[in-house]
Amino acid sequence: MRLPFFAVSPPGLESITQHELFNLGVNLPRAVSGGVEFEGFLSHLYKINLWSRTASRVLVRIGEFEAKSFAELERKAEKVEWGKFLKGGSTINVRATCHKSKLYHSDGVAERIADAIKSQIGEKPKSQNPKPQKSDPHSANLKSPVSDIQSQLVVVRLDHDHCTISLDSSGDHLHQRGYRLETAKAPLRENIAAALLLQAKYDPAQPLIDPFCGSGTFAIEAAMMARKIAPGLNRKFSFTHWKNFDTQVWGDLLREAREKVDDQIKPIIQASDRDAGAIEAATANAKRAGVAESIQFRVCAFSSIEVPNEKGLVISNLPYGKRVGEDSDLRNLYAQLGNVAREKLKGWRLALLTDDPHQIKAAALDLNITLKTENGGVRVVLLQNFV
């Protein structure tokens, strides 16, 4: 039986996630605001959770209807096939958002949905209702409890009286691969880093340099791509606790993923930072990810980077005022960046993430904005071009 799914994606990265899901075997994925809609079987849901490098979480849409009163909401919610997915005794969190609907009290909506679930699985779930976030229209930031993977998140959205009910299949946010326990200043989310690598057309056969590596996210994600390591290989998912969970299909997918890991690949990945603490954290993270031997870490300033003979990609989350210092301190850094790029990086591709494309003009490089997104609540842009 085919089911409707929704892969939540960071803002501005929906088309990258769409292309990724197509490459993972999804038929006709459709990018919309906040993510990608698609249909498929539970095997598709398992595979995307395991292999998607760019999605934030994957929801399965189990109910969709109009509701203009609580009585109508209760009646239609009781017809949803909760028992097909949820087991009795499950810990369930219901989270509701309401937008331009006659039913505007999110707590009341969540309470009715909880009653409907109770009518089928026999226990009253808890309800939690954070305020809607404008930057996240499809609940990308609604985290299920990190401490209890068996806690099932139910996402209810009322928009112009149209009610959509979804189950979160992922559990913890998919950017939580399990390797980044140590962070430097202003870390970049793993799925955003992966999306930017795809946008920059990272080729494992060519060198990659991150001269402001922080906790090493770009380098680690690149190494995992090069080694064909599934990003979800070493974590847990909510769908494994569903009543209709297929252990054989999931076991086969895990076995195939482990067999695809290529330990013979030797990518050239250099990650440096002038902060010794950042390099220490990055090295520890790379070890947990199983790719430490694929990355050359070094404590050094950008001006001291050593460049391989073969040309490749320079990608980095640049320091910017809101992250690490004052704007006045960055103009000199950006000017130096331009000088070093012209001196050492002729013919290299650049992909630089910053919050202020105007300030980076101090680098005097021919860069164009190719992507806009958010990281840690800060609006950022990706600038790309050849030196």
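## Lys102 and Asp161

Lys102 has a relative accessible area of 54% and is therefore exposed. In this predicted model, Lys102 forms a salt bridge with Asp161, with 3.9 Å between the closest N and O atoms. The two residues belong to distant parts of the chain, 59 residues apart: Lys102 lies in the loop between strand E5 (92–99) and helix H5 (106–121), and Asp161 in the loop between strand E7 (152–159) and strand E8 (162–168). Asp161 counts as buried because its relative accessibility is 9%, under the 20% limit.

## Other salt bridges

The whole structure contains 13 salt bridges. One of them joins Arg227 to Glu293, the closest N and O atoms being 3.0 Å apart. This pair also links distant parts of the chain, with Arg227 in the loop between helix H7 (217–226) and H8, and Glu293 in the loop between helix H9 (276–289) and strand E11 (296–299). Arg227 is buried at 4% relative accessibility, whereas Glu293 is exposed at 58%. A network of salt bridges links Arg227, Asp263 and Glu293.

Arg30 pairs with Glu37 in a further salt bridge, with 2.4 Å between the closest N and O atoms. Arg30 is partly exposed at 48% relative accessible area, and Glu37 is partly exposed at 24% relative accessibility.

## Packing of helices H2 and H8

The axes of helix H2 (residues 42–51) and helix H8 (residues 247–260) come within 10 Å and cross at roughly 35°; the crossing is right-handed. Residues of H2 in the contact include Tyr46, Leu50 and Trp51, and those of H8 include Trp250, Leu253 and Leu254. By class, the contact comprises eight nonpolar, one polar and two charged residues.

Methods:
Residues are numbered from 1 along each chain as its sequence is written. This is a predicted model: local features need pLDDT of at least 70, side-chain atom pairs count only at pLDDT 80 or more; totals for chains, interfaces and linings use all residues. Side-chain values use heavy atoms; hydrogens and water are left out. Axes are lines fitted to C-alpha atoms, for helices over the stretch in contact, and angles run from 0 to 180 degrees between N-to-C directions. Helices (H or I, at least four residues) and strands (E, at least two) are DSSP runs, numbered from the N terminus. A crossing is left-handed if the near helix is turned anticlockwise from the far one by less than a right angle, and right-handed if clockwise. Contact means heavy atoms within 4.5 Å. Ala, Val, Leu, Ile, Met, Phe, Trp, Tyr, Cys and Pro count as nonpolar, Asp, Glu, Lys and Arg as charged, and the others, Gly among them, as polar. A salt bridge is a side-chain nitrogen of Lys or Arg within 4 Å of a carboxyl oxygen of Asp or Glu. Buried means under 20% relative accessible area, exposed over 50%, partly exposed in between (1.4 Å probe, protein chains only).
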